[in-house]
Amino acid sequence: SESTVRATHVLLTTALGQCIRFSVDDVRVFAGRNSIGVRGITLAGGDRIISMTIVRHVNAEPWERAAYLKRAANDRRLTTGEAEEIALVGEEVTEEGQLSDERYEELKQLEQFVLTVSEKGFGKRSSSYDFRISGRGGKGIRATDTSKTGEIGELVAAFPVDDGDQIMLVSDGGQLIRVPVGGIRIASRATKGVTIFSTAKDEKVVSVERISEPEDDETAE
């Protein structure tokens with residue numbers, strides 16, 4: 001409903017696996033393009049921004065998002081048979097409640113999934129409800145398992161995707177792969193994900209692009 005969707009948010013993601021989400025309204029309109037602007041996220045030493053994308057804001061309480069994530073994971077488990085551990089990470093849920101079927105379906109229709117991909121070909125889809133709103137300029141929250149950076153490499157991409165999309169990944173070794181988004185596992189934002197591109201020992205993924213049109217026979221050939 002219009003009362004549920006209120007605004008759009010900026011999602012900034014860094015190479016070392018931090019991200020921050022804040023309202024577009026938190027960014028002031030400046031007099032000219034030469035203005036330095038305002039700080040979106042405080043970067044750690046050696047870190048850098050790798051993605052800025054827009055996600056829609058859904059007006060939902062933390063307990064609603066927690067309850068939704070749990071129920072949605074259970075529904076997928078019944079369909080796929082795969083167990084998922086999906087829960088709010090690093091966010092205290094002080095209230096408890098039970099979603100009505102109507103509210104659950106409303107949140108499901110408004111849910112987005114954010115794809116993250118790392119240099120060594122690891123990736124996952126995470127629910128937009130798993131990315132809490134923070135104040136602009138902070139250190140942010142985890143967009144991946146930051147303890148596994150040595151294993152999965154730095155992040156190279158983070159953006160919303162639809163189930164029917166495909167993504168194209170290109171490595172610095174000249175390898176290319178096209179992957180349907182629907183086959184990429186859904187997991188909590190603070191997890192490393194799974195292998196979606198098997199890179200060679202000294203090879204890195206350098207580019208990830210979203211492809212919204214389906215692949216036809218001619219393209220496949």
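**Close-up views of a predicted model**

Welcome to a predicted model, in which local features need pLDDT of at least 70, side-chain atom pairs count only at pLDDT 80 or more, and totals for chains, interfaces and linings use all residues. Residues are numbered from 1 along each chain as its sequence is written, and side-chain values use heavy atoms, with hydrogens and water left out.

**View 1. An open sheet of 4 strands, in the order E7-E4-E5-E10.** The pairing in this sheet is antiparallel. Its edge strands, which each pair on one side only, are E7 and E10 (194-195). Strand E5, residues 122-127, meets E10 over 2 bridges in the antiparallel sense. For the names used here, helices (H or I, at least four residues) and strands (E, at least two) are DSSP runs, numbered from the N terminus. Two strands pair if DSSP finds at least two bridges between them.

**View 2. Strand E2 and its partner E6.** These two strands pair over 2 bridges, again in the antiparallel sense. Look for Cys 19, which stands opposite Ile 141 in E6. How many of the residues of E2 are buried? The count is 5 of 6, so E2 is mostly covered (buried means under 20% relative accessible area, exposed over 50%, and partly exposed in between, with a 1.4 Å probe and protein chains only).

**View 3. The largest pocket, with a volume of about 600 Å³.** A pocket is an open set of points on a 1 Å grid over the protein atoms alone, with protein on both sides within 12 Å along at least five of seven lines; a lining residue has an atom within 4 Å of a point. The volume is the space filled by probe spheres set on the points, and grid points are joined across faces, edges and corners. Here 26 residues form the lining, and Arg 76, Phe 113, Arg 125, Asp 163 and Ile 186 lie nearest the centre. Helix H1 (62-80), helix H2 (101-110) and strand E7 (155-161) are the elements that give two or more residues to this lining. H1 gives the most, with 6 residues. The lining holds 8 nonpolar, 6 polar and 12 charged residues (nonpolar: Ala, Val, Leu, Ile, Met, Phe, Trp, Tyr, Cys and Pro; charged: Asp, Glu, Lys and Arg; polar: the others, Gly among them).

**View 4. Asp 163 and Arg 125 meet in a salt bridge.** The N to O distance is 3.2 Å. Asp 163 sits in the loop between E7 and strand E8 (166-171), while Arg 125 belongs to strand E5, 38 residues apart. Asp 163 counts as exposed at 53% relative accessibility, whereas Arg 125 counts as buried at 6%. A salt bridge is a side-chain nitrogen of Lys or Arg within 4 Å of a carboxyl oxygen of Asp or Glu.

**View 5. Asp 130 forms a salt bridge with Arg 189.** Their closest N and O atoms are 3.8 Å apart. Asp 130 lies in the loop between E5 and strand E6 (141-142) and Arg 189 in the loop between strand E9 (176-180) and E10, so the pair ties together parts 59 residues apart in sequence. Asp 130 is buried, with a relative accessible area of 2%, and Arg 189 is buried with 2%.

Notes
On a 1 Å grid over the protein atoms alone, a cavity is a set of points where a 1.4 Å probe fits but cannot get out, and a pocket is an open set with protein on both sides within 12 Å along at least five of seven lines; lining residues have an atom within 4 Å of a point.
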